[in-house]
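I opened my notebook to look up how this chain is put together. Here is what I wrote down, entry by entry.

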Amino acid sequence: MRNRSHRSRAVLAIAVAALLGVAGCDATGDNSPAPRGTTAKALPSPKPTPTWDRSPESVAAVGDSITRGFDACTVLSDCPEVSWATGSDAQVNSLAVRLLGKAGAATHSWNYAVTGARMADLPGQMAQAATRKPELVTVMAGANDACRSSASAMTSVADFRAEFEDAMDTLRSALPKTQVYVSSVPDLKRLWSQGRTNQLGKQVWKLGICPSMLGNPDALDAAATLRRGKVQDRVEAYNKVLEDVCAQDRRCRFDGGAVFDYRFGTDQLSHWDWFHPSKDGQAHLAEIAYRTVTARRPVT
């Protein structure tokens with residue numbers, strides 16, 4: 001009886017051991033599922049690559065006289081070394097210098113802006129910029145579309161939109177991943193109100209600087225007020241176009257109207273024409289651009 005009891009216990013122990021061995025295989029075997037009721041430890045998923053790079057390694061600029069530093073150094077002359085976008089002047093501390101350092105800006109930034117350029121000229125400038133394969137392109141254009149011989153000669157909003165879309169398409173066909181910083185058009189009416197206090201500036205204005213806004217600068221009658229109001233409305237419409245078109249491109253950032261909203265004073269205006277930015281004004285434009293480009297999120 002005792003031997004039978006020993007044999008029974010031995011058989012039971014062997015069976016339990018075999019069962020535990022099978023269960024152990026199910027739990028740890030390479031080809032077996034985890035036991036029901038347990039949770040498999042998931043591997044961490046890789047972080048997505050951010051769409052916007054806050055530290056691009058090359059910069060190309062397109063646009064008009066502001067980006068060329070016009071009238072910032074000498075009268076009626078370009079001065080690209082003080083350009084807010086790509087200049088080398090230490091007082092300005094341009095966007096390129098802030099991003100790349102002085103040596104990097106000297107070799108990896110290019111200025112294709114042209115004094116007098118309008119939005120219709122931007123596709124050609126974009127094509128030139130694309131040959132350098134920059135990681136960032138800066139855009140400041142539109143003031144000359146409003147600064148025409150008269151308010152009626154201003155570029156229509158529809159044409160302005162089509163031309164800016166053409167410029168973006170030109171860049172994208174060559175460089176799908178290049179980032180774009182778009183500046184708003186400055187408040188031309190404020191520039192008139194600041195500059196009209198200077199007699200020298202008003203004499204320079206007579207040479208043909210922005211007649212639609214600056215013509216007959218001391219006139220405050222209804223016709224002059226209406227004319228300036230039309231120019232101002234058109235600038236605001238242009239800025240809405242820049243914002244809308246940029247918003248359709250995931251690698252484009254608009255400044256949120258920061259340049260338009262900036263309250264240029266006489267210290268920020270050229271002491272040659274009292275309309276274009278001075279070195280100090282260029283420095284403030286560089287600061288706005290740098291803040292927008294390096295922000296964690298787009299400006300809204």
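For me, two strands pair if DSSP finds at least two bridges between them; helices (H or I, at least four residues) and strands (E, at least two) are DSSP runs, numbered from the N terminus. This is a predicted model, so local features need pLDDT of at least 70 and side-chain atom pairs count only at pLDDT 80 or more, while totals for chains, interfaces and linings use all residues. Residues are numbered from 1 along each chain as its sequence is written, and side-chain values use heavy atoms, with hydrogens and water left out.

**Partners of strand 4**

I looked up who faces whom. L136 stands opposite Q179 in strand 4, and V137 has V180 as its bridge partner there. Strand 4 also pairs with strand 5, in the parallel sense, over three bridges; V182 stands opposite F254 of strand 5.

Which way do the strand 4 side chains point? Q179 and Y181 point one way and V180 and V182 the other, and all are buried (under 20% relative accessible area with a 1.4 Å probe, protein chains only; exposed is over 50%, partly exposed in between).

Zooming out, I found five strands in an open sheet with parallel pairing, in the order 2-1-3-4-5. Strand 2 (109–111) and strand 5 (252–254) are the edge strands, each pairing on one side only. Neighbouring strands are turned by 15° against each other on average, direction ignored. Axes here are lines fitted to C-alpha atoms, for helices over the stretch in contact, and angles run from 0 to 180 degrees between N-to-C directions.

**Helices around it**

Helix 9 (residues 222–247) lies across strand 4 and strand 5, running at about 150° to strand 5. Helix 11 (residues 279–294) packs on the sheet too, touching strand 3, strand 4 and strand 5, and its direction makes about 135° with that of strand 4. Contact means heavy atoms within 4.5 Å.

Next I checked helix 6 (residues 188–195): its axis and that of helix 9 come within 8 Å and cross at roughly 135°. The two are therefore oblique to each other (under 35 degrees would be roughly parallel, over 145 roughly antiparallel, 65 to 115 roughly perpendicular, and the rest is oblique). L188, K189 and W192 of helix 6 meet R228, V231, Q232 and V235 of helix 9. By class, I noted four nonpolar, one polar and two charged residues in this contact (Ala, Val, Leu, Ile, Met, Phe, Trp, Tyr, Cys and Pro count as nonpolar, Asp, Glu, Lys and Arg as charged, the others, Gly among them, as polar).

**After helix 11**

V299 sits in the segment after helix 11. What does V299 touch, leaving out residues up to four places away in sequence? I found F254, D255, G256 and T292. The C-alpha atoms of V299 and D255 are separated by 6.2 Å, though the two are 44 residues apart along the chain. V299 is partly exposed, with a relative accessible area of 37%.

**Totals**
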